[in-house]
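Visitor: I have not seen this structure before. Could you take me through it with a few questions?

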Amino acid sequence: MDDSKFIKILIMIVVLGMIATIAHAVYICYAYYNSSIIQFIARELWL
Amino acid sequence: MKKIIVIIATILIFVVANAFLYITITSRLANNFSGAGQLKMIDVSKFLPFEETSELARTGSSFRLTNDEYLPVLDGASALVPVYASVIENCYPEGSVTYEGGKFSDDNFYGENFASDSVMQYQNTVRGFDALVDGTVDLFFTAHPSKEQMSSAKQKGVELEIVPVGSEAFVFFVNKNNPVDELTTEQIRSIYRGEITNWKDVGGVSELINPMTRVKGSGSQTMMEKFMDGNMITSRKPLSVFGKAIGYSFRYYLSGMVADSNVKMLAINGIYPDVENIKNGTYPISTDFYVVYRKDNRNENIKKLVEWLLTEEGQTMIETCGYVGVAK
C-alpha cells in the first residue's frame with residue numbers, strides 16, 4: 001500500500017470514527033439527562 | 001504490514017471507546033426520554049377500573065356515583081394511578097372509563113388511549129396539572145404542586161384547593177450491590193450540594209458519587225427541592241456519570257409499582273422507610289400527597305369525593321393501595 005492511499009484510508013477511518021463517537025456522545029448527553037433514575041441505577045455495573 | 005497494523009489499531013481505538021461508553025452508560029439509559037416515554041414508566045394496564053385482573057383496592061364504598069350525575073374526571077401523577085383508579089373502581093358506575101377505539105391500548109404516542117369522555121385520564125404530573133388548570137380534569141392526585149405550577153395557575157387566574165389525603169415516604173435508593181445501607185439527612189444534603197463526592201466519605205467504597213436528579217416539575221423533583229431548601233445541584237453532572245449513583249423517589253412508586261429488585265432503599269438516620277415507620281412518624285422524610293381541584297369548579301361531586309377519601313372507607317382504600325393514610 002503506497003503512502004498516499006494509506007493516509008487517505010487512515011483519514012477516512014478517523015473521520016468516520018469521530019462522527020460515530022460524537023453522535024454516540026450527543027445521544028448519551030440527551031438521553032442521560034432524561035433517563036429513568038431507577039433503571040439507570042438498577043443497571044449499574046458492580047464488578 | 002506496519003500500515004495495516006496502524007489501520008486496525010485506529011479502528012480498534014474507536015470500537016473500544018464506543019463499547020466502553022455503551023457498557024457503562026448507553027445500555028443503562030432507559031425508557032423516559034420523552035413525555036410519552038415517561039408515561040410508559042408504569043404499566044397502566046394493571047390498574048384499569050372494572051377489569052377483573054386489575055391490581056386495585058376493591059374495598060367497597062357507601063358513596064357511589066351514578067351515570068345520571070356529572071362524574072368528575074380524575075387524573076394524577078404516575079405514582080398515584082393505583083389510588084385514583086381505585087377511587088373509580090369503588091365509587092363510579094361501570095362504563096365510565098372509556099377508550100379510543102373501545103379497548104385499552106398503550107401503543108399510542110402518549111402511552112394510553114383514554115377517550116376524552118372517560119372519567120379516568122393519565123397525563124402524569126406536568127400535562128395533567130395543566131389539564132386541571134385548563135378545566136379538562138376535575139380532580140388531580142399529586143405530590144404538592146411545585147412553585148412554578150402554582151404560579152402558572154395564579155397567572156391564569158385559577159385558584160386551587162389542595163387537600164392532603166394520604167402520606168408517603170420520600171426515599172433514597174442505590175444499586176443493591178452498593179455496600180452503603182443508610183445515610184443521614186445531613187449526608188444526603190451534602191451529597192446533593194456537591195460537598196461529599198465520594199462514597200468512601202459515607203462508609204462506602206472509594207467510588208465517585210453520581211447524585212441523580214429528576215425532571216423539573218415532577219413530583220419527586222419538587223419534593224427534593226423542598227428537602228434541599230432550594231440549595232442543590234441543578235442537574236445531573238456529566239463527569240460523575242461513571243460514579244456509583246444515588247437517586248430518589250416516593251416509596252410506593254419505587255417498591256410497589258416499579259419494584260426493581262436491583263435497587264434498594266436506604267435507611268435515613270437509621271430508620272428504614274417501611275409502612276410502620278412512616279405511620280408512627282419516625283421515618284424523617286415523609287410527605288403528604290394531595291387531591292387538587294379548582295375552587296371555581298361547581299361540580300358538587302368533587303367535594304363529596306374528597307370528603308369520602310378522608311373517611312375511614314377512603315383511608316382504608318388508600319392503605320390497601322399500599323400507601324399510608326393521612327395523619328389524623
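What follows is a short exchange about this predicted model.

Visitor: How many residues does the contact take from chain B and from chain A?
Guide: The two chains touch each other, and both supply residues. Chain B gives 40 residues and chain A gives 28 residues.

Visitor: Which element gives the most to the side of chain B that touches chain A?
Guide: On that side, H1, S3, strand S6 (244–250) and helix H8 (251–258) of chain B each supply at least two residues. Its residues divide into 21 nonpolar, 13 polar and six charged. With ten residues, the element that gives the most is H1(B).

Visitor: Are H1(A) and H1(B) roughly parallel or roughly antiparallel to each other?
Guide: Helix H1 (residues 3–34) of chain A packs against helix H1 (residues 2–24) of chain B with the axes 10 Å apart, at an angle of about 0°. Angles under 35 degrees count as roughly parallel. The two helices are therefore roughly parallel.

Visitor: Which residues does B:Leu74 touch, not counting residues up to four places away in sequence?
Guide: Leaving out residues up to four places away in sequence, B:Leu74 touches B:Tyr84, B:Val87, B:Ile88, B:Val119, B:Met120, B:Leu139 and B:Phe141.

Methods: Residues numbered from 1 in each chain as written. Chains lettered and ligands numbered in written order. Predicted model: local features only at pLDDT ≥ 70, side-chain atom pairs only at ≥ 80, totals over all residues. Axes fitted to C-alpha atoms, helices over the stretch in contact; angles between N-to-C directions. Helix = DSSP H or I, 4+ residues; strand = E, 2+ residues; numbered from the N terminus. Parallel < 35°, antiparallel > 145°, perpendicular 65-115°, else oblique. Contact = placed C-beta atoms within 7 Å. Nonpolar A, V, L, I, M, F, W, Y, C, P; charged D, E, K, R; others polar.
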